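I opened a new model today and kept notes as I went. Here is the entry, in the order I looked things up.

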Amino acid sequence: MQDRQLIEKLFRQHYERMFLTARTLLRNPEEARDVVSDVFAELMESRQTLDMKRVESYLLVSVRNKCLNLVSHRMVVERASQRIPKEIIDEDYSELPLDDILNYIDQHLTPQTRTVMLKRYGENRKYNEISEELGISRIAVYKHITRALMKLKRKFVWKS
């Protein structure tokens, strides 16, 4: 965990430039503020040692990467929404009962798939982290998640 005073000092010194970078990339001031806040929150929890000679570059690259990930995610969502015909999606899908979904996961997914899903979505872990921890390949992690999501979509989202 980083020293709080150091993080506050870095925040005061670099926030404006980081915010401008994020706002330029995202074209949304609220999202830009969120991205910069996320960078500092992660820095606060990080155990890595900062190279004070290169800290500005590190902060700006972190902001850029978070922005690019957000833009990439938006593009994936947009492409998916264009490919899925609206008439086959159940209109009430946004009000899915969470308890039913969790019960379905417990009862219908294999223990390994359930573990992978919980690590990915419950703990917000990356594929690499999950594969290393469970001793399986990244492709296996991907397959577990893909199978689970397809089962969940069939059960809760798609019209029969």
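The notes below go from the whole chain to single residues.

**Whole chain.** I am working with a predicted model. I began with secondary structure. The chain has seven helices and zero strands. Read along the sequence, I get α-α-α-α-α-α-α. Next I checked burial. Of the 160 residues in the chain, 28% are buried. The exposed surface comes to about 11800 Å², and carbon and sulfur atoms supply 50% of that area. I then looked at contacts between residues at least 6 apart in sequence. Of these, 65% join residues at least 24 apart.

**Helix 2.** I turned to helix 2, which covers residues 29–45 and holds 17 residues. From first C-alpha to last, helix 2 reaches 25 Å, close to the expected 24 Å. What caps its N-terminal end? I found Asn-28 there, with a side-chain oxygen 3.0 Å from the backbone nitrogen of Glu-30. I also listed the buried residues of helix 2: Ala-32, Val-35, Val-36, Val-39, Phe-40, Leu-43 and Met-44.

**Cores.** Which residues have the most contacts inside the largest nonpolar core? I noted Met-18, Val-36, Phe-40, Leu-43, Leu-59 and Val-63, in a core of 19 residues. Helix 1, helix 2 and helix 3 (55–83) each give two or more residues to this core. Helix 2 gives the most, with seven residues. In soluble globular proteins, nonpolar side chains tend to be buried together.

Leaving aside residues up to four places away in sequence, Val-63 touches Met-18, Thr-21, Ala-22, Val-35, Val-36 and Val-39. I also found a second, separate core of 13 residues. Among its members are Leu-109, Ile-145, Leu-152 and Phe-156.

**Two single residues.** I picked Phe-11, which lies in helix 1 (residues 4–26). Is Phe-11 buried, exposed or partly exposed? Phe-11 has a relative accessible area of 35%, so I logged it as partly exposed. I also checked a distance. The C-alpha atoms of Phe-11 and Val-36 are separated by 9.3 Å, and the two residues are 25 apart along the chain.

My last stop was His-144, in helix 7 (residues 138–156). Why does His-144 count as buried? Its relative accessibility is 13%, and buried means under 20%. Which residues does His-144 touch, not counting those up to four places away in sequence? I wrote down Gln-112, Thr-113, Val-116 and Ile-136.

Note on methods
Residues numbered from 1 in each chain as written. Predicted model: local features only at pLDDT ≥ 70, side-chain atom pairs only at ≥ 80, totals over all residues. Heavy atoms only, no water. Helix = DSSP H or I, 4+ residues; strand = E, 2+ residues; numbered from the N terminus. Buried < 20%, exposed > 50% of the residue type's maximum accessible area, 1.4 Å probe, protein only. Contact = heavy atoms within 4.5 Å. Areas by Shrake-Rupley, 256 points an atom, 1.4 Å probe, with all protein chains shown as cover. Expected span 1.5 Å × (residues − 1). Polar contact = N/O pair within 3.5 Å; in protein donor to acceptor, adjacent residues only side chain to side chain. Core = buried A, V, L, I, M, F, W, Y, C linked by side-chain atoms within 4.5 Å.
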